[in-house]
Amino acid sequence: MSKDILVIGGGIAGMQSSLDLADMGIKVHLVEKLPSIGGKMAQLDKTFPTNDCAI
Amino acid sequence: MLDVGRHPNIELLAYSEVEKVEGEAGNFKVTIRRKGRYVEEDKCTGCGACAEKCPTVVSDAFNEGLGERRAIYSYFAQGIPSTHTIDADHCRQLNGKKCGICAKTCQAEAINFDQEDRILELDVAGIIIAAGYDVFDPSVIPEYRYREIANVVTAIEFERLLSASGPTGGHMDRPSDRAVEAEIAGLEKKAKKSQKAISKLEEKFNEPSAQFYKKYQAGEYKDDEDRKKWADKYTAHLAVTEPLEELKKQAEGFTVAKRLAFIQCVGSRDFRFYPFCSGYCCMHSIKEAIISHEHEPETTSSIFGMDIRAVGKGFEEYKIRGGNNSNITYVRGRVAEITEGPDNNPVVIYEDTRERKVKRQEFDMVVLATACAPIKGIAELAKTLGVELDKYNFIKTSSLSPVDSTTPGIFVCGCAESPMDVPESVAQASSAAERAAEIAFQMDLEKEKAVA
Amino acid sequence: MPEKKEDIRIGVFLCHCGSNIAGYLNMEELAEFSEKLPHVTFVQRNLYTCSEGGINEIKKGIKEQNLNRVVVASCTPRTHEPLFRSSCGEAGLNPYLFEMVNIRDQCSWVHMKEQEDGTNKAKDLVRMGVAKAALLEPQESIMSEVQVRALVIGGGIAGMTSALALANRGYEGGLVEREEALGGLLNNLNKLGPTMIEADELVEEKTRSVTGNSNITVFTNARVTEVQGFIGKYKVDIETESGVKKIDIGVIIVATGGRPFVPEGLYNYDGKRVVTQLEMEKLLKAGLDPAIKNVVMIQCVGSRNEERPYCSRICCQTAVKNAMLIRELNPDAKVSILYRDMQMYGVENEEMFRDSKAKGVRYINYDPANPPQVEPDKVRVYHALLGRDMDLPADLVVLSTPLVSQEDAEVISRLLRVPVDENGFFLEGHVKLKPLDFATDGIFLCGSAHFPANIREAVAQGLGAASRASIPLSKGSVVVEPIISVLADEDACRGCGLCVALCPYGALEIQKTEKGRKVHVIDVACKGCGVCAATCYQHALSINSFTDQQIEAQLEAFLD
Amino acid sequence: MTAIAELIDTTQTYFCLDCGVCTGSCPVARVFPDFSPRQIIERSLYELEEASDDTIWDCLTCAQCSVRCPANIDFPEFVRLMRDEAHAQGFDGVPAHNGMLQTITAIQTQDVAQNRNFWIEDRKISDKGDILYFVGCRPYFDVVFRDIDAGSIKGAQNVLKILNNCGVEPVVSNEERCCGHDALWNGNEEKFKKLAELNLDLIRSSGAKQVVFSCPEGYYTFKNFYPKYFGELGFEPVHILDFLADKINEGVIEFEEKDEVVTYHDPCRLGRLAGVYDAPRELLKAIPGIELREMPRSRENGVCCGTTGWMNCSSCSKEIQMERLSEASDTGAKALVTACPKCQIHFRCAKSAFDLEIEINDLYDIVADRMILKK
Amino acid sequence: MSEEFSPKIVTFACSWCAYSAADLAGVSRFQYPPNMRIIRVMCSGRVNPNFILKAFQMGADGVLVSG
């Protein structure tokens, strides 16, 4: 039995979950349907309310 | 994103899908299909030389179809992994035609047209669903005439137009104007060709075509075959250049979009589609209006909606600031109808409910703040995983266990659970990580026990 | 300072990146140029420096050519520096004696049509990289142990959820609550929307789990009075009824919540006929007086105004929920909610909003410029969407007031050296990407201490903050890249403290030393941003790998 | 609970979002700024005017608002029930044409000797049979509107010609009554019920299994309101469009080719209320030589012809009609084709008063003119 | 002067934003004049005003601090 975690979806939520778990020392398998991770947020130009860059 | 790509504890399985899940919390067996990219991941350096040479042009999904990419491509410029992918539907080589230019270009020898899907089996203790959402397709709302009126776009399309790395380089060029410019480019290409043809003849007969053509029309050169050909070529040339000149004249008047309308609740708070509120769209529109104003200080924006839901930290202040500094007018009233006025300008018709008056207002561009729709394929994924959905097809949770699905060991975060903005998604993602970690560490504790 | 300049042996690796670089720049010329640069003893061109073959060439160079500095001119350090650094390390060279030059993304790709100018720019860039490399010094990663214990400040739903989550993961910790009982604001509530769970039951259940958990030490009637240290090593004083307790912990979660605003002087508030939503909860809990037939609720009382510009997020939900409960208890009571914008965001809230309409709750939009008037037996309101005044009979008027920051938020903020925003709520590390972290490592945030949150949100954030806090706990140590601030010239420091005030990460402090007041860098907390070094008029502080000399050497290499 | 409050409950009007889409969509509100469906709802939620609110009679019940309403409020139905209540309390709207048409239907609720079938001439009908053609009020329209060439009888004659050509000799009854549509929408439920009962008796005694309609109002009323009030009908209401579609598919009907550019006007009852948008367009496309040019406002967005139930023919109606006719003319079409005898009358009336170029045709006139019978 | 003026521009770019934006320009193959040299810093806060003065002193025609 393994203690790995599977994360489905490589948008901002999936990436954050994966990073938290990986930083805790847990092996994460991150599955993304598209060729690259990033999700919808990668498509955004800037974000409210600080107008920071999205990526 | 970069951190995810290079974290030693993260195995990134992009271009992959979950096919089968068996087992229970603490002991899931998962089958994953890694779709063939026709590019070897370990060889591709992501340099992009292949895409530069690829002859096949395809509409670009990342830019919401507003731009173009090649049949071999990286999903977006900074995408992780930077491994390129061949789009099998469009690749010439994979569709039985002679090509293989990418393979010749690639010095890393990463192209492999024989690559097949691979099946991967994993043992995992827990699963987190972060499958995201879909942008609602507003073409099902007849009164908004999205797709019929070129300058009516969705918020995410507008986002790509705003983006410096987007198809317009961040200029607010209107889709109708871009279509004309594309047509001009096409005609110019043709005109160049036909110009070449007649230039040759002009040289041969040492006479400008226009002058010759007048004589030809007057009936000179009746039985001259060569001159008939010339006349034909000249008329063909005129058939290209005349509309070209007209379009060019039209294009002279093009400027960037400066009068913007943002329409809230497109598909949300609408019993016909999604009765819920999508949560982030009000702020998204305000942001787009503010950024547009930063790009072009003459920009004015009207945001049409019912309640402007600026509920997050700093949001109400942001909204007020937008009104004061970025020429944003908030109109209370849901837009009833969009029609097309002169110069491809969309015209919105609405009741200003505070003034209780029906108004018509012309804009350069209209942006639809579309609903956060459950992602396509969520029902199949839920079935594969054995989790329940709520009545709208989001993954079902409860208030006191906000990231637990109905199946132990499977958690959810982000817009797969319900519509939410970025900070909420991030916070929820950490919550899901916490719940998943509880299971993973329990496995550890049990292992320790077993050893002892 | 390196002992002697002549000892420095720099190897330069020029990457062709297939044709991405070599196709646009004259690599031969660039290599010849590089060979002539000071200290450069070895130059090599690779098809792909990042490929396995390329990496082996670097390692071979270090060993065979005795290189003690490596410069790779290729793509961007953002993606490839970690790879090359670790490769140098594997070959026995200190990883911080490596420098990367970006001749692809910022050179060959942006000057594709100007081979000569592009090559000249690449020459400058390599010269600048070499100049900096010559001044690089070895650095060691900084490691500091973490005490595997946590402290949660605030025993409301968010704090209890965090404490329980950490305890379930096997981490010990303390939970500090100011009041006598755990539960926070929940203790004053009736039922919770949208599922109408009894608040008392929830508090009881959570309290039982918390107090019954051997990993959690609960301090009630207690407050934090002193915090010293940094991530992994905090010493905290907790003042309790039985004296001051000192505990050593590794991480801190702030879950101090908010408090409801009391609308003294607004809308004839008297706590009897005109009450707040919090008081309404009490009335509902006691069972509503059947004589109450007409209720009017007013939203945004004391919020979204000049004094308190923010929208408090959860008051609309509370009003809708209570309005429905009133209709349930007194089915013929008329309930009207006077609102500016109904903030029923998301799926659950909007659904509750809809249900309430079906259950007879009525809504009237008012204009803040022409607010409702509360009179002895009625509320007069200008219905902004009908354009007429309306008189609504009212036995009871309920005012929806915002949650405001805790009275002691400022105190906690000073103790922990973490900031609050202009409304007194704690300011997170990044609005979008770090909603549960502070800029300072080791301190986390959840619930209404951050911004008003409903139960679902408070629970989610409680879990999330636990996740964030558990990362250093699970590692048992923190490892920091050595690119941080150092007090390079102790004598120059006058202990003025300007840098301390400006450091966004709380990584600097003034210490009293034999030589007087001097700044001290808490190295594990430092992010190497360099604000301190840029501000220090004495040039006492420096940043590893970005020293004044190194940057000036780059300038010289370009401009000389 | 007051009657209005009850009505709000049954129609779930309380879900109103106060968004203004209804008013922004309403063709009347664009002309009469004081008319607002949103405000009618909002006022009724507070029981401010109740039945005496005379603006409820200005509504065209065209459903432009309700198809767009994000709260799914059926405003026409709400108004219909409000009018019922108002009528019961002694309030009524203003009938057009001095109430002549309301009087004609009122007379039909009585035992009356009619001469309905005078127009049939040499076309073939039966006394009993499986198929009944429900003609509707067309025979009366030509009398009332003789000075504007209503064309209603010609339409009926053409429908009969089409049916005959397809081998159908339907029952056409001289005892037929008004379907009750107008009474229903004018707040006079009693009158509607009387008319409906007479019609039901008549059809049931004819033995017809299918009743064919060429009038959208009759079709919509039979299909929706008859079962609502009287339960199972015992026969199937069929729209002539469905009948024609079958015949064209079977190859029974072929058409003569002639070039003609037309535009199509969606009648509210057929389009938004019965949901029939494609069938008339497909029929036009099936006729060779016809080019259909859509007006900007078509299908769900098609605007009302300006009057419903012979009520409130006002300056507002005229303005709506004029705007619609110029919209039709701007497409370059030679004719505006519609599938409702009332739309046809309203547009012909507007055309006669303002002298416009465009022709106004009935869809079935075109079919009858062009069809070649295939044996 | 026969030669066209070709300015020397020094840019200090924050590694997290401006520097990655400059990378993105490259990835997108945007073309711009080759007069600029970027010096990467971990944060634009690192840029001591002395650096700017020094750059001008040494003959820079422009200094861009971007972050």
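## Close-up views of a predicted five-chain model**View 1. An open sheet in chain B.** Three strands of chain B make an open sheet in the order β2-β3-β8, with antiparallel pairing. The model shown here and in the views that follow is predicted. At the edges stand β2 (16-24) and β8 (118-124) of chain B, each pairing on one side only. On average, neighbouring strands of this sheet are turned by 20° against each other, direction ignored. For a closer look at one pairing, follow strand β3 (residues 27-34) of chain B, which is joined to β8(B) by seven bridges, the two running antiparallel. Which residue of β8(B) is the bridge partner of B:Lys29? The partner is B:Asp123.

**View 1. An open sheet in chain E.** Here too there is an open sheet of three strands, in the order β2-β1-β3 of chain E, and the pairing is parallel. β2 (36-41) and β3 (62-66) of chain E are the edge strands; each has a single partner strand, so one side of each is left without a neighbour in the sheet. Strand β1 (residues 9-14) of chain E pairs with β3(E) over five bridges, in the parallel sense. A bridge to look for pairs E:Phe12 with E:Val65 in β3(E). A helix from another chain joins the view: α15 (residues 548-559) of chain C packs on the sheet and touches β1 and β2 of chain E. The direction of α15 in chain C makes about 150° with that of β1(E).

**View 2. Chain E as a whole.** Stepping back from the sheet, chain E holds two helices and three strands. Along the sequence they follow the pattern β-α-β-α-β. Taken along the principal axes, the C-alpha atoms of chain E fill a box of roughly 40 × 35 × 10 Å.

**View 3. Helices α4 and α6 of chain D.** The axes of helix α4 (residues 37-45) and helix α6 (residues 75-88) of chain D come within 12 Å and cross at roughly 55°. At that angle, α4(D) is oblique to α6(D). The crossing of α4(D) past α6(D) is left-handed. On the α4(D) side, the residues that meet α6(D) are D:Pro37, D:Ile40, D:Ile41 and D:Ser44. Facing them in α6(D) are D:Phe75, D:Phe78 and D:Met82. How many residues of this contact between α4(D) and α6(D) are nonpolar, polar and charged? The contact has six nonpolar, one polar and no charged residues.

**View 4. Helices α11 and α12 of chain D.** Helix α11 (residues 189-206) and helix α12 (residues 216-230) of chain D have axes that come within 11 Å and cross at roughly 100°. That makes α11(D) roughly perpendicular to α12(D). Among the residues of α11(D) in the contact are D:Phe192, D:Ala196, D:Leu200 and D:Ile203, along with D:Glu189, D:Lys193 and D:Glu197. From α12(D), the contact includes D:Phe222, D:Phe225, D:Tyr226 and D:Tyr229. By class, the contact of α11(D) with α12(D) divides into nine nonpolar, two polar and three charged residues.

**View 5. Helices α16 and α17 of chain D.** Another helix pair in chain D brings together α16 (residues 315-330) and α17 (residues 341-354), whose axes come within 10 Å and cross at roughly 85°. Are α16(D) and α17(D) roughly parallel or roughly perpendicular? With angles from 65 to 115 degrees counted as roughly perpendicular, α16(D) is roughly perpendicular to α17(D). D:Lys318, D:Gln321, D:Met322, D:Arg324 and D:Leu325 are the residues of α16(D) that meet α17(D). Their counterparts in α17(D) include D:His346, D:Phe347, D:Ala350 and D:Phe354. Six nonpolar, two polar and three charged residues make up the contact of α16(D) with α17(D).

**View 6. Domains of chain C.** The domain assignment of chain C gives domain 1 (5-139), domain 2 (149-259 + 404-478), domain 3 (262-401) and domain 4 (481-544). Note that domain 2 is written in two stretches, 149-259 and 404-478. The C-alpha centres of domain 3 and domain 4 of chain C lie 53 Å apart.

**View 7. How the chains meet.** Of the seven pairs of chains that touch, chains A and B have the most contacts. Chain A does not touch chain D, and their nearest C-alpha atoms are 26 Å apart. No contact joins chain A and chain E either; their closest C-alpha atoms lie 8 Å apart.

Notes. Residues are numbered from 1 along each chain as its sequence is written. Chains are lettered from A and ligands numbered from 1 in the order in which they are written. This is a predicted model: local features need pLDDT of at least 70, side-chain atom pairs count only at pLDDT 80 or more; totals for chains, interfaces and linings use all residues. Side-chain values use heavy atoms; hydrogens and water are left out. Two strands pair if DSSP finds at least two bridges between them. Helices (H or I, at least four residues) and strands (E, at least two) are DSSP runs, numbered from the N terminus. Axes are lines fitted to C-alpha atoms, for helices over the stretch in contact, and angles run from 0 to 180 degrees between N-to-C directions. Contact means heavy atoms within 4.5 Å. Angles under 35 degrees count as roughly parallel, over 145 as roughly antiparallel, 65 to 115 as roughly perpendicular and the rest as oblique. A crossing is left-handed if the near helix is turned anticlockwise from the far one by less than a right angle, and right-handed if clockwise. Ala, Val, Leu, Ile, Met, Phe, Trp, Tyr, Cys and Pro count as nonpolar, Asp, Glu, Lys and Arg as charged, and the others, Gly among them, as polar. Domain bounds come from an automatic or database domain assignment.
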